[in-house]
Amino acid sequence: MQEEPKTEVMNPREVARLQKAETLLEQVQEFADTTEDGAIKLICLGTLVRAININNGFDVAEPRDWPSTGPNCEKLGLKIALMHEELSEALTEVRKGTREAFLEELADVVFRAFDTACGLDFNLNGRFAGIILDKLRKNALRPYKHGKRC
């Protein structure tokens with residue numbers, strides 16, 4: 001006698017989460033369909049942030065700082081540490097309960113990330129915007145809490 005295949009019964013919360021993920025994927029696609037304007041804004045923001053940082057005397061990332069094109073991964077490590085520093089400052093503002101300052105620190109994180117991507121000559125208009133969209137899709141399809149319990 002052959003056993004019938006077991007059908008997995010999905011938790012109602014998981015069903016609802018997956019339905020929401022489908023809606024979110026549709027929104028990502030809608031954004032992707034209009035990315036030309038959005039991507040142009042990304043590259044403009046990256047270029048503007050970089051220009052401001054250069055004007056303020058910051059040691060900005062350059063294409064030669066990427067480890068595969070030169071030995072200077074120490075500078076890139078510093079850029080990553082500075083992004084982390086901004087996140088730590090955001091956490092400090094959370095602890096103080098100062099919402100506006102918290103949002104400013106999050107803006108600094110975005111600025112540092114865009115400055116680094118732009119400085120390394122990553123194409124913010126096409127490649128980086130595409131990676132952002134692909135990551136949004138990937139995140140929308142992830143299991144609840146990445147499959148972890150906590």
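**Exercises on the largest pocket and the chain**

By class, the lining of the largest pocket holds six nonpolar, two polar and three charged residues; Ala, Val, Leu, Ile, Met, Phe, Trp, Tyr, Cys and Pro count as nonpolar, Asp, Glu, Lys and Arg as charged, and the others, Gly among them, as polar. The model is predicted: local features need pLDDT of at least 70, side-chain atom pairs count only at pLDDT 80 or more, and totals for chains, interfaces and linings use all residues. Residues are numbered from 1 along each chain as its sequence is written, and side-chain values use heavy atoms, without hydrogens and water.

**Exercise 1.** State which residues lie nearest the centre of the largest pocket, and which helix gives the largest share of its lining.

*Solution.*
1. On a 1 Å grid over the protein atoms alone, a pocket is an open set of points with protein on both sides within 12 Å along at least five of seven lines, and lining residues have an atom within 4 Å of a point.
2. The lining comprises 11 residues, and Val 49, Ile 52, Asn 53, Asp 108 and Phe 111 lie nearest the centre.
3. Helix 2 (35-55) and helix 4 (99-119) each supply at least two lining residues; the largest share, five residues, comes from helix 2.

**Exercise 2.** Describe the secondary structure of the protein chain and the percentage of its residues that count as buried.

*Solution.*
1. Helices (H or I, at least four residues) and strands (E, at least two) are DSSP runs, numbered from the N terminus.
2. The protein chain has five helices and zero strands, in the order α-α-α-α-α.
3. Of its 150 residues, 25% are buried, that is, under 20% relative accessible area with a 1.4 Å probe, protein chains only.

Terms used:
On a 1 Å grid over the protein atoms alone, a cavity is a set of points where a 1.4 Å probe fits but cannot get out, and a pocket is an open set with protein on both sides within 12 Å along at least five of seven lines; lining residues have an atom within 4 Å of a point. Buried means under 20% relative accessible area, exposed over 50%, partly exposed in between (1.4 Å probe, protein chains only).
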